[in-house]
Protein chains: 2
Amino acid sequence: MSSGENNENVIICVDALGADDAPGVVLRGVEQALGANSNLAVKLAGPEDCVVPFCENLGKNNPALKGRCEPLISTEEISMSEHPAKAVRKKKNSSIVLGCKAVAEGEAQGFFSGGNTGACLAAATLFTGRIKGVKRPMLMTLLPTLTPGKSTLFCDLGANADCKPDFILQFAQMAKVVLAQTTNNTNPKIGLLNIGEEDEKGTMFYQETNQLLREKLPEFVGNAQGSDLLTGEFDAVVADGFTGNVALKTLEGSIKTIFKLLKQTMMSSAKTKIGALLLKNDLKKMVKNLDPESVGAALLIGVKGAVCVGHGSSSDKAICSGILKTAEYAKTNMVTEIKKELNVEKA
Amino acid sequence: MSSGENNENVIICVDALGADDAPGVVLRGVEQALGANSNLAVKLAGPEDCVVPFCENLGKNNPALKGRCEPLISTEEISMSEHPAKAVRKKKNSSIVLGCKAVAEGEAQGFFSGGNTGACLAAATLFTGRIKGVKRPMLMTLLPTLTPGKSTLFCDLGANADCKPDFILQFAQMAKVVLAQTTNNTNPKIGLLNIGEEDEKGTMFYQETNQLLREKLPEFVGNAQGSDLLTGEFDAVVADGFTGNVALKTLEGSIKTIFKLLKQTMMSSAKTKIGALLLKNDLKKMVKNLDPESVGAALLIGVKGAVCVGHGSSSDKAICSGILKTAEYAKTNMVTEIKKELNVEKA
């Protein structure tokens with residue numbers, strides 16, 4: 001993403017309760033993010049006894065951080081297992097709802113949470129608000145690929161299980177804007193996830209969606225398959241949220257499984273242990289590039305602000321990287337450009 | 001699978017043209033399969049100038065193979081890229097159609113091809129015929145898992161893009177029969193591929209399917225996710241053919257990508273090359289266990305015979321293993337047991 005060129009300050013609201021190992025892991029992530037980006041300020045949403053002392057003590061060891069984090073006190077908590085829409089409607093004083101409201105009211109330009117994804121989505125839609133003309137906000141992430149330095153934008157990751165073809169057209173249009181805003185790629189190759197290359201493959205629904213993309217989106221290059229997600233052949237691949245979520249979890253699951261088996265194999269004898277030692281540093285680099293956790297946050301696209309959701313199992317590094325990505329995203333002209341692309345406001 | 005206990009002879013028809021590197025790779029695969037199973041005989045479907053000399057020369061170096069392969073002469077060929085249903089209707093003298101007919105007429109108990117999957121499916125449905133009561137035949141495979149010695153049966157791999165909930169119920173019932181017949185597992189844990197553990201997750205279609213499985217299938221233990229496919233937690237996972245195909249290709253694609261990156265990493269310096277040398281044998285074993293190609297053939301379940309489809313990119317070993325699996329499958333009571341399970345014929 002093209003941060004660094006823009007030196008304006010940005011305020012990101014962070015959910016102190018959003019992560020399996022919260023708040024400790026979040027607090028460390030906030031400190032790292034503030035250290036890494038001097039134009040960043042954080043509004044930390046969480047219980048008083050957690051966020052107030054953290055904000056007060058911040059900067060005691062590193063004066064550069066002093067005064068750059070301010071508390072946003074929540075009195076309720078939405079757990080990982082709660083029903084998203086119900087929890088968001090009931091718990092107006094939860095860190096997730098307060099964070100999304102802070103963005104709506106301009107007190108922050110973005111919100112980051114590693115908490116309940118469905119609740120973040122519901123709160124962002126209800127309280128931050130959809131961009132005019134957007135039928136359904138969607139979740140996207142950048143997948144690492146075999147092509148060095150290249151990622152593939154993949155969406156929808158599960159915000160919309162039941163879709164209509166025109167939702168998927170909008171996902172593709174929004175993906176196009178994200179690519180232009182974050183990678184300066186203005187001529188992207190966009191694919192539709194399907195079960196064969198030919199236009200007439202797939203369910204009736206996917207055949208119809210393929211036709212719609214052919215008609216309306218000049219950047220559409222045809223169907224992509226599950227095996228194309230990590231090759232770097234496409235700049236973006238779009239799918240309904242059900243198929244997208246299944247594909248994402250299958251991808252993450254296979255990567256995890258292979259890394260586990262690789263570890264077992266390397267620890268299986270004295271000989272393999274020596275081999276592993278020689279490979280250690282290079283393998284670590286490879287694992288880091290592929291690790292879904294380090295790939296980081298999912299961006300919620302289609303709401304009036306930068307809302308990002310990290311993995312519940314995030315480490316402090318992953319939280320830090322999620323906050324920094326939210327800040328970069330908040331500094332783009334994403335909302336205005338999405339309106340233009342969807343013809344809500346003519347350029 | 002429980003072969004070896006049953007010493008009756010079995011005749012399998014093999015498509016000499018079914019593989020990217022056909023016929024050479026297929027002929028070597030047939031020879032290996034005949035060598036590995038002394039109760040096996042092969043009917044080899046293909047052009048006269050290919051199959052006749054092969055059958056005549058077989059056994060010149062190894063007398064044990066003599067007379068165990070007989071030609072089935074085809075005069076047409078269905079290519080990988082042809083439209084399945086059209087090709088099958090038009091090319092009645094193709095190896096795929098002749099093979100499926102041989103099974104229907106009792107001249108062979110099974111058919112194996114590494115050719116056009118859609119054409120095999122269409123020919124098997126049209127000429128071998130659906131088992132009475134089966135709404136839709138489906139494709140299944142065994143996925144390798146993290147749990148040593150355990151596979152997970154996964155279906156539908158793409159035979160039916162558009163499904164109804166009761167098709168998926170039947171897929172699960174047929175999977176149950178396959179597990180009982182091939183692994184003696186009579187109390188399997190069967191899952192439905194979905195985007196969350198809770199019954200109410202997923203599209204309206206998947207919510208309805210979940211409810212139907214809860215009502216009708218005692219072996220249904222709930223939703224599985226993409227990340228559960230390789231853990232060994234489920235004995236079988238069922239999905240519609242669109243989602244199943246996307247998940248399978250995503251799985252295969254990620255495994256291939258990681259192996260490629262692993263190879264690159266290992267060849268990146270003198271130090272890593274020495275490390276790789278020490279790990280070579282153990283890694284080969286690991287790769288072999290996970291390699292989708294060595295995992296082998298997809299079984300077509302729901303037709304009146306054992307029809308199996310291998311990867312187009314199959315090696316001779318993969319062809320051999322596919323033929324042996326087809327033979328094992330042909331020796332089970334699958335068809336009778338599927339009728340019983342679907343209540344077409346009472347036990």
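Me: Which residue does the side chain of Asp316(A) meet in a salt bridge?
Reply: Happy to start there, keeping in mind that this is a predicted model. Side chains of opposite charge can pair when their charged atoms come close. In this pair the N to O distance is 3.4 Å, and the cut-off is 4 Å. The partner of Asp316(A) is Arg28(A).

Me: How many residues apart are Asp316(A) and Arg28(A), and in which helices do they lie?
Reply: Asp316(A) belongs to helix H11 (residues 316-330) of chain A, while Arg28(A) belongs to helix H1 (residues 24-36) of chain A.

Me: How many salt bridges does a search of the whole structure find, and how many lie across the interface of chain A and chain B?
Reply: Over all chains, the search of the whole structure gives 18 salt bridges. Across the interface of chain A and chain B, the rule finds zero.

Me: What area do chain A and chain B bury between them, and what share of it is on carbon and sulfur atoms?
Reply: Let's begin with the residues: 47 of chain A are in contact with 46 of chain B. There are also nine residue pairs in polar contact between the two chains, both residues being at pLDDT 80 or more. The buried area is about 4400 Å², and the carbon and sulfur share is 77%.

Me: Which helix gives the most residues to the side of chain A that touches chain B?
Reply: Three elements of chain A give two or more residues to that side: helix H7 (204-216), helix H8 (241-266) and helix H9 (270-290). By class, the residues on this side divide into 25 nonpolar, 17 polar and five charged. The top contributor, with 19 residues, is H8(A).

Me: At what angle do H8(A) and helix H8 of chain B cross?
Reply: Two packed helices are described by the angle between their axes and the distance between the axes. Here the axes of H8(A) and H8(B) (residues 241-266) come within 9 Å. The crossing is right-handed. Its angle is roughly 35°.

Me: How many charged residues does the contact of H8(A) with H8(B) have?
Reply: On the chain A side, the residues that meet H8(B) include Phe242(A), Val246(A), Leu251(A) and Ile258(A). On the chain B side, Thr250(B), Ser254(B) and Phe259(B) are among them. The classes come to 16 nonpolar and six polar residues, and the charged count is none.

Me: What is the handedness of the crossing of H4(B) and H5(B)?
Reply: Helix H4 (residues 95-104) and helix H5 (residues 117-128) of chain B have axes that come within 9 Å and cross at roughly 35°. Among the residues that meet are Ile96(B) and Cys100(B) in H4(B), and Ala123(B) and Phe127(B) in H5(B). The contact residues divide into 10 nonpolar, one polar and one charged. The crossing is right-handed.

Me: What is omega for the cis peptide bond that joins Cys155(A) and Asp156(A)?
Reply: Asp156(A) sits in the loop between strand E6 (151-155) and helix H6 (165-183) of chain A. In chain B, the bond from Cys155(B) to Asp156(B) is cis too, with omega near -5°. For the chain A bond, omega is about -5°.

Me: What is phi of Asn184(A)?
Reply: Asn184(A) lies in the loop between H6 and strand E7 (190-193) of chain A. Its phi is positive in a residue other than glycine, and the value is near 60°.

Key: Residues are numbered from 1 along each chain as its sequence is written. Chains are lettered from A and ligands numbered from 1 in the order in which they are written. This is a predicted model: local features need pLDDT of at least 70, side-chain atom pairs count only at pLDDT 80 or more; totals for chains, interfaces and linings use all residues. Side-chain values use heavy atoms; hydrogens and water are left out. Axes are lines fitted to C-alpha atoms, for helices over the stretch in contact, and angles run from 0 to 180 degrees between N-to-C directions. Helices (H or I, at least four residues) and strands (E, at least two) are DSSP runs, numbered from the N terminus. A crossing is left-handed if the near helix is turned anticlockwise from the far one by less than a right angle, and right-handed if clockwise. Contact means heavy atoms within 4.5 Å. Ala, Val, Leu, Ile, Met, Phe, Trp, Tyr, Cys and Pro count as nonpolar, Asp, Glu, Lys and Arg as charged, and the others, Gly among them, as polar. Buried area is the accessible area (1.4 Å probe) that two parts lose on being put together, summed over both. A polar contact is a pair of N or O atoms within 3.5 Å; within protein, one must be able to donate a hydrogen and the other to accept it, and residues adjacent in sequence count only if both atoms are side-chain atoms.
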